[in-house]
Amino acid sequence: MGEEAQGLTAPPRRPTINDVAARSGVAASTVSRAFSRPDRVKSTTRERIAVAAEQLGYVPSDHPTEKVPARQGSVAVLVPDITNPFFFDFIRSTQHQLRTAGYTQMLVDTQEDLDLEAGYLEEFRTSVVGFILAATRLKDEQLTAAAARTPLVVLNRETPGVPSVVIGTAEAAQQALEHLYSLGHRDIAYIAGPPTSWSDGRRWAALEQMADQLGATVRRLGPYHPSQRSGAAAADTLLNSGASACIAFNDVLAIGILVRLHERGVDVPGEISVVGCDDVFGSDFCNPPLTTLASPIEQAGRVATDLLISRMRPDLAQGRSQVVLPAHLKTRSSTGPLARRG
C-alpha cells in the first residue's frame, strides 16, 4: 500500500529566511541582519520582519543553511565619473580586495550629480552589505545618516564618525606652488573643480596659506567640470587672467588646458606653466608631459576596502577609522622658468 493509503503525509516544509524576506519585502541579508545584528536595521524594518517571521512560524537557526554567510553579498562602489582614468586603479584594487574576501563589487557611476548619488545610496542600501564612496559630493549629515544604516567608507572626504581614506593632495598642492615659485612665477592661478568637492576646498585653502608664506599671488578661476572638454574654457580664462602658471583640479582638466593652449599657439612651458593633479595614465604622454601631483590611488582602494570589511565582519577587530596617504609632486616638462608671454 502507498503512504497516502496508510494515512502518512510528508512533513510540512519549515519556513526559511527567504520566505520571511519575501513576506516582509526585504532582502534575505536584511532579515539575517535583523536577527544577528539588529542595530544595523531600521526599527520599522525590524518590526516588519518580526511580524512576517511570526506569521510564518519562522524561528532563527544557527544552522548554516538558515543564515546568509558573513562573507557573502555585494558592495556598491560609487565613483563620480567612471571615465576619469584616476578611478581605474581604484576600481581594480577594490574589486580584487572584495573578491578575495568573498564579496561581489557593484560599480555605480554617479555622474558628478549629488542628487543621483543620494538616490543610489537609498536605492541600494537594502540590496548591498556595504558602500565605498569615492570623492563623494554628499553633505556631512547625509553621510552620517547613511553610515548609521549601512557599513560605509569614503575616499577623499572627512566627516565625523564616517571611516575615510584621504590622499594628501592639499599638501602636494603646496609643493607645486613652491615649485612654481622657485621657477620665478609670482602670479599663479588655481583652476577649480566642482564646488561640492571636499578636496577642491582643501587644496584652495592650502594654496592660499602657502601663497601668503611665499609672498605670491594665487587666484581661483572657475569652478569647472573636471573633464577634458572643460579645459578649453579654463585655458581661455587663464590667458585673460594674466597668470603665468596654473594648478588644475585634476589631470584631465589640465590636459584639456594643454590642448587649448596649443590650439592658440601658446608655448608650454615657455609662456605659461601647467600643473595637474592625480598622475593618471597618459599624463606622461602629453605634449609636453604633464607636471602633476601623484596619488597612491591603488593603495587607497586597498585601504578603503580593508576598512569597510572590518566593519562588515564582527569577527574582525576594528582598526583605524581614518587613514591619510601622502601625495607628492612629480615634475615633468609642462613647467618651466617664468618668461614674458609673447
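Colleague: In what order do the strands of the open sheet of four strands run, and with what pairing?

Modeller: Bear in mind that this is a predicted model. The order in that sheet is 7-6-8-9, and the pairing is parallel. From one strand to the next, the twist averages 20 degrees.

Colleague: Why do strand 7 and strand 9 stand at the edges?

Modeller: Count the partners. Strand 7 (217-221) and strand 9 (273-275) each have a single partner strand, so one side of each has no neighbour in the sheet.

Colleague: What makes strand 6 and strand 7 a pair?

Modeller: A pair needs at least two bridges. Strand 6 (residues 187-191) and strand 7 have five bridges in the parallel sense, so they count as paired. One of the links joins I191 to L221, its bridge partner in strand 7.

Colleague: Which helices lie across strand 6, strand 8 and strand 9?

Modeller: Helix 7 lies across them, running at about 170 degrees to strand 8 (245-248). Helix 10 (residues 251-263) also lies across these strands, at about 160 degrees to strand 9.

Colleague: And how do helix 7 and helix 8 pack: at what angle, and how far apart are their axes?

Modeller: Helix 7 (residues 169-182) and helix 8 (residues 198-214) pack at about 35 degrees, and their axes are 8 Å apart. The crossing is right-handed.

Colleague: Which residues of helix 7 and helix 8 meet there?

Modeller: From helix 7, they include A170, A173, L177 and Y181. From helix 8, they include R202, A206, L207, M210 and L214. By class, the contact of helix 7 with helix 8 has nine nonpolar, three polar and four charged residues.

Colleague: Staying in helix 7, why does Q175 count as partly exposed?

Modeller: Q175 is in helix 7, and its relative accessibility is 33%. Buried would need a value under 20%, and exposed a value over 50%.

Colleague: What does Q175 touch, leaving out residues up to four places away in sequence?

Modeller: Q175 touches A327, H328 and L329.

Colleague: How far apart are Q175 and L207, in sequence and in space?

Modeller: They are 32 residues apart in sequence and 9.3 Å apart in space, C-alpha to C-alpha.

Colleague: Now S241. Why does S241 count as buried?

Modeller: The cut-off for buried is under 20%. S241 has 15% relative accessibility, so it counts as buried. S241 is part of helix 9 (residues 231-241).

Colleague: Which residues is S241 in contact with, and where does its side chain reach?

Modeller: Leaving aside neighbours within four places in sequence, S241 is in contact with R219 and L221. Its side chain also reaches the backbone oxygen of L238 at 2.6 Å. A polar contact has to be within 3.5 Å, so the 2.6 Å pair is inside that limit.

Colleague: What about strand 11: which residues are on its covered face, and which on the uncovered one?

Modeller: In strand 11 (residues 322-326), V323 and L325 form the covered face, while Q322, V324 and P326 are on the uncovered one. Strand 11 pairs with strand 5 (residues 164-168) over five bridges in the parallel sense. There, S164 has Q322 as its bridge partner.

Colleague: And for the whole protein, how many helices and strands are there, and what share of the residues counts as buried?

Modeller: The protein has eleven helices and twelve strands. Of its 342 residues, 51% count as buried.

Key: Residues numbered from 1 in each chain as written. Predicted model: local features only at pLDDT ≥ 70, side-chain atom pairs only at ≥ 80, totals over all residues. Heavy atoms only, no water. Axes fitted to C-alpha atoms, helices over the stretch in contact; angles between N-to-C directions. Helix = DSSP H or I, 4+ residues; strand = E, 2+ residues; numbered from the N terminus. Left-handed = near helix turned anticlockwise from the far one by under 90°. Contact = heavy atoms within 4.5 Å. Nonpolar A, V, L, I, M, F, W, Y, C, P; charged D, E, K, R; others polar. Buried < 20%, exposed > 50% of the residue type's maximum accessible area, 1.4 Å probe, protein only. Polar contact = N/O pair within 3.5 Å; in protein donor to acceptor, adjacent residues only side chain to side chain.
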